[in-house]
Amino acid sequence: MVLKRAGVADLPAIRDFLAAHAEFVMFPLNNLGVYGFEGAHDYSVRFFVAEGDAGITDVLTLTRGGMAMPFLPTCRFAEAARALRGEQVTGIIGPRDHVRGVQAAMGLTDAPTLLNRDEPHFVLSLGQLRVPEGPGVLHPLTEAPQDVILAWMAAYEREALNAPPDEMVARAIHRYDSYRTRASHVVLMEDGVPLAMTGFNAQVPGMVQIGGVYTPPLLRGRGHARRALALHLEDARTRGIDRATLFAASDMAARAYRAIGFERIGAWCLLVFSGPQVAQ
């Protein structure tokens with residue numbers, strides 16, 4: 001059975017399938033809930049699905065902006081490449097083996113990239129959360145000095161996302177506005193001094209995905225990020241969230257996540273092309 005373009009009638013089954021594998025598909029689930037199906041926003045989604053005797057087996061998500069997000073447990077990489085033929089693809093993100101399989105099937109192994117990174121993927125049941133002692137309490141993003149946070153976000157764009165120097169500031173401003181609108185991020189502060197930032201880049205019922213974690217270089221190695229994240233998750237737990245997932249950009253980050261209870265479940269891939277690639 002080939003991957004076929006999904007319609008509105010397929011959405012209930014797609015939601016159920018994705019929800020059953022939420023830790024691997026937080027971006028598609030979040031984008032569907034927030035930006036909608038086949039809408040005008042760059043983050044709105046369309047789906048291609050494969051089915052077996054028991055229902056859906058694989059889902060390929062493509063945003064209007066061109067980001068492909070494969071979840072293909074039965075390894076339908078060639079079929080995914082055919083489904084994307086003629087599309088402008090700006091990147092591929094998802095479980096590492098799925099991303100690399102689709103990239104190879106599309107003939108884009110050597111395509112120039114802005115970001116091309118495999119990262120360890122973690123999950124945590126919030127009943128196992130460990131909150132470390134330390135300085136600082138959480139504040140909404142808007143209560144922290146805006147100039148400091150914008151500088152952090154520009155640095156994050158450079159360090160974590162390899163943003164071109166001439167785009168860092170504009171991207172940081174866009175990120176700040178997005179975080180503020182969604183009230184998704186918080187800042188650990190002590191006596192008015194920001195120590196670390198953390199937040200959720202995707203949320204679905206019962207689960208959050210962490211993103212945008214940042215500590216400035218001079219404050220690293222003191223446990224601020226892990227405390228900020230643990231406090232944020234502790235608050236989320238009081239609101240009915242029982243699971244969290246993330247992927248780590250560095251060994252230091254991975255150690256911090258393990259310290260508060262996260263366990264590795266696999267590998268994630270972030271692949272962003274230097275410019276849109278036309279799938280062949």
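**Strands side by side**

Strand E6 and strand E11 (residues 243–247) run antiparallel and are joined by five bridges. This is a predicted model, in which local features need pLDDT of at least 70 and side-chain atom pairs count only at pLDDT 80 or more, while totals for chains, interfaces and linings use all residues. Residues are numbered from 1 along each chain as its sequence is written, and side-chain values use heavy atoms, with hydrogens and water left out.

- Helices (H or I, at least four residues) and strands (E, at least two) are DSSP runs, numbered from the N terminus.
- Two strands pair if DSSP finds at least two bridges between them.
- His 121 has Phe 247 as its bridge partner in E11.
- E6 (residues 113–125) also pairs with strand E12 (residues 263–278), in the antiparallel sense and over ten bridges.
- Opposite Phe 122 stands Arg 264 of E12.
- In a regular strand, side chains alternate between the two faces of the sheet.

**Nonpolar cores**

- A nonpolar core is a set of buried Ala, Val, Leu, Ile, Met, Phe, Trp, Tyr and Cys residues joined through side-chain atoms within 4.5 Å.
- Buried means under 20% relative accessible area, exposed over 50%, and partly exposed in between (1.4 Å probe, protein chains only).
- The largest core holds 48 residues, and Phe 47 and Ile 149 have the most contacts inside it.
- Helix H5 (residues 146–161) supplies the largest share of this core, eight residues.
- Apart from this core lies another one, of 23 residues, including Ala 50, Leu 62, Leu 72 and Met 106.
- Not counting residues up to four places away in sequence, Ile 149 touches Leu 141, Ala 144, Tyr 176, Val 187 and Met 197 (contact means heavy atoms within 4.5 Å).

- In helix H2 (residues 26–35), seven of the ten residues are buried, among them Phe 27 and Leu 32.
- Helix H6 (residues 168–182) contains Ala 172, which counts as buried because its relative accessibility is 1%.
- Leaving aside neighbours within four places in sequence, Ala 172 is in contact with Leu 150, Met 153, Ala 154 and Glu 157.

**Positive phi angles**

- Most residues other than glycine have a negative phi.
- Glu 38 is not a glycine, yet its phi is positive, about 55 degrees.
- This Glu 38 sits in the loop between H2 and strand E2 (45–52), and it counts as partly exposed because its relative accessibility is 42%.
- Cys 75 also has a positive phi, near 60 degrees, and is found in the loop between strand E4 (67–71) and helix H3 (77–83).
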